[in-house]
Amino acid sequence: MTAERIANAQYRLPTLAEVRNQLFPVIKYALVVAGGIGTALPFIWMVLSSFKTNADIGRIPMHWFPTEWIPQNYAKVFEIMPFARFYLNSIIVGVLTTLGALLICSMAAYAFARIRFIGRDIMFMLILATIMIPWWVTLIPAYLVIRQLGWLNTYQGLAVPGMLNIMGIFLLRQFFRTIPPDIEDAAFVDGASRLQIYSRIVLPMAKPALLTVGLMTLMGSWNSLVWPLVISQHESMRTLPLGLAVLANLAGWVRHETGALLAATFLSILPIVVIYMFLQQYFIRGLALSGLK
Amino acid sequence: MSGTASAKSGGLAARVRARIPETTRRDNIAGWLFIAPVLLWITVFTAYPLISSLFLSFREWDPLFTDKYVGLANYAELMEDKIFLLAYRNALVYAAITIPLGLVWGMSVALAVQHIRGRAFFRALYFLPTVTSSVAIAVVWSFAYNQDYGLVNSLLRYVGVEGPNWLGHTQWALLSISLVVVWAGTGFWMIVFLAGLLDIPQEYYDAAKVDGATGWQSLLRITLPLMSPTIFYYITNALITVWIQFEIPFVMTGGGPANATLMPALLLYDEAWDRFKMGYASAMAWVMALVIFVITALHFSLSRRWVNYDR
């Protein structure tokens with residue numbers, strides 16, 4: 001029956017358009033998958049190599065999986081550098097920066113969104129305009145200010161300047177404007193002060209926006225290199241990226257510690273990657289809105 | 001008068017309106033108090049440094065020994081500084097590689113991923129390098145580029161190609177770094193382009209199909225023109241970040257070999273913190289700002305010819 005039908009069917013070569021229509025989804029999929037593999041491979045290679053001995057990493061041709069899975073690189077991370085200290089520094093600086101940024105940015109954003117005061121619009125424009133200043137221009141004097149304050153090699157020196165997040169002010173203001181003013185008006189009439197309205201009513205309602213801005217700030221602080229590079233001259237005040245960068249630059253001996261350095265790199269990105277996995281949409285929204293990374 | 005009357009009658013909105021005159025003064029004070037911390041930060045870490053750096057650029061200055069007014073001498077010296085000019089030449093090559101490649105690749109991936117199954121998964125995967133620190137990316141890639149055991153050359157060996165010493169050779173180093181930057185930025189731009197693509201009404205494509213347009217024609221006549229504001233945004237951003245790129249070359253090559261990957265920001269850092277020539281470095285910073293300003297202004301004025309804002 002089937003054979004008959006096949007025999008009766010009229011065969012012709014497919015037209016070019018048909019081939020294209022059939023092929024196009026396949027090509028699209030292949031492109032996305034290939035790019036996805038290309039994105040993932042360096043990360044996978046990093047994790048796999050961090051469980052290899054250095055001799056195993058150096059083998060030619062490359063073997064994907066460790067000949068023998070060894071955890072020693074992860075112990076060595078703490079021997080070749082004060083890695084725990086770097087971690088602690090990054091956490092302290094990240095938390096301080098984020099909390100400070102959320103406080104000062106949300107206060108300004110609330111004023112720009114809700115309070116009518118003389119000079120509001122011009123101040124808002126001026127503050128927004130400062131994004132356009134390339135930060136290399138202000139870096140040297142900003143460093144000198146910190147030096148003058150005696151804040152070199154301190155947590156406040158590392159954290160305080162990063163609390164200024166102009167994009168955060170902008171995003172929070174946008175969000176505050178979507179909160180219905182009636183709620184505030186009611187509280188106002190009941191005799192609540194501006195500070196009470198801001199802290200008891202507006203902030204609790206703005207949790208998603210605060211989370212977005214907080215994550216952006218935390219990520220910026222966690223990943224930043226240049227500011228710690230100029231502020232932390234003592235090894236004990238290095239943050240993770242700085243610690244890694246310095247070690248990676250000491251070409252001579254560290255190249256023999258490839259496994260340990262890859263393990264350290266993996267450990268250093270782990271917290272942000274884990275947070276990202278759980279709170280993806282906040283990251284993507286925040287960064288897509290902020291434009292300039 | 002009428003305000004007081006309606007306030008007595010008791011409507012909430014009316015009572016609020018009645019309070020406005022008394023609250024205006026209070027609002028002025030409250031408003032300025034609320035923005036005061038941010039103003040303090042901007043004054044100390046942006047406004048003062050901005051002016052200070054301009055003054056510094058006219059001086060020969062280091063934090064300990066030297067402080068001398070030299071007028072425009074720093075700028076004159078820069079124009080003859082071969083290393084400085086080389087850094088800008090490198091940045092131009094870097095721009096010529098990263099900007100078109102990042103655009104074409106990011107757009108291709110966004111177009112391809114737009115309607116396929118598993119879009120959310122791929123979007124999350126591509127975005128991973130964006131949340132990873134540049135230092136971590138640079139460390140991993142500097143091993144991945146190792147001539148002998150690196151990931152890149154190992155993969156090339158599968159197809160029978162013996163890869164070069166990517167980071168150690170003057171001919172390849174800048175290209176290698178540029179490719180890492182494109183790799184790291186793909187996910188971010190894919191998200192931005194996807195947002196742009198989703199804004200294009202499906203009816204346009206349906207209408208084009210009815211009229212017999214091929215997919216290729218739809219892409220050229222519908223997608224790209226309607227994506228021009230997004231592309232404009234990409235180019236604006238890219239034209240700024242080119243001149244301030246620091247982390248990737250700093251970690252991967254330190255500007256070498258033989259200054260092949262030296263970038264403006266890298267040189268600025270070296271002058272200011274290795275040689276402590278902070279006046280000279282400030283002049284570099286202002287040249288950088290000027291370059292960014294002029295290029296951005298040029299880009300904006302040219303944009304009127306190709307960016308399509310009406311939907």
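Guide: First, a definition: two residues are in contact if their C-beta atoms, placed from the backbone, lie within 7 Å. Leaving aside neighbours within four places in sequence, Leu78(B) is in contact with Phe84(B), Ala283(B), Met284(B) and Val287(B). This is a predicted model, in which local features need pLDDT of at least 70, side-chain atom pairs count only at pLDDT 80 or more, and totals for chains, interfaces and linings use all residues. Residues are numbered from 1 along each chain as its sequence is written, while chains are lettered from A and ligands numbered from 1 in the order in which they are written.

Visitor: Why is Leu78(B) called partly exposed?

Guide: A residue is buried if 20 or more other C-beta atoms lie within 10 Å of its own, exposed if 12 or fewer, and partly exposed in between; C-beta atoms are placed from the backbone. Leu78(B) has 17 other C-beta atoms within 10 Å, so it is partly exposed.

Visitor: Which helix holds Leu78(B)?

Guide: Leu78(B) lies in H3 of chain B, residues 73–80. Helices are DSSP runs (H or I, at least four residues), numbered from the N terminus.

Visitor: What makes a nonpolar core, and which residues touch the most other members of the largest one?

Guide: A nonpolar core is a set of buried Ala, Val, Leu, Ile, Met, Phe, Trp, Tyr and Cys residues joined through C-beta atoms within 7 Å. The largest has 154 residues. Cys105(A), Ala108(A), Leu172(A), Val38(B), Met284(B) and Ala285(B) touch the most other members. Beyond four places in sequence, Ala285(B) touches Trp136(A), Val137(A), Ile140(A), Ser53(B) and Leu268(B).

Visitor: How many residues of each chain are in contact with the other chain?

Guide: 80 residues of chain A are in contact with 77 residues of chain B. H2(A) gives the largest share of the chain A side, 14 residues. That side divides into 60 nonpolar, 13 polar and 7 charged residues. Here Ala, Val, Leu, Ile, Met, Phe, Trp, Tyr, Cys and Pro count as nonpolar, Asp, Glu, Lys and Arg as charged, and the others, Gly among them, as polar.

Note on methods: Helix = DSSP H or I, 4+ residues; strand = E, 2+ residues; numbered from the N terminus.
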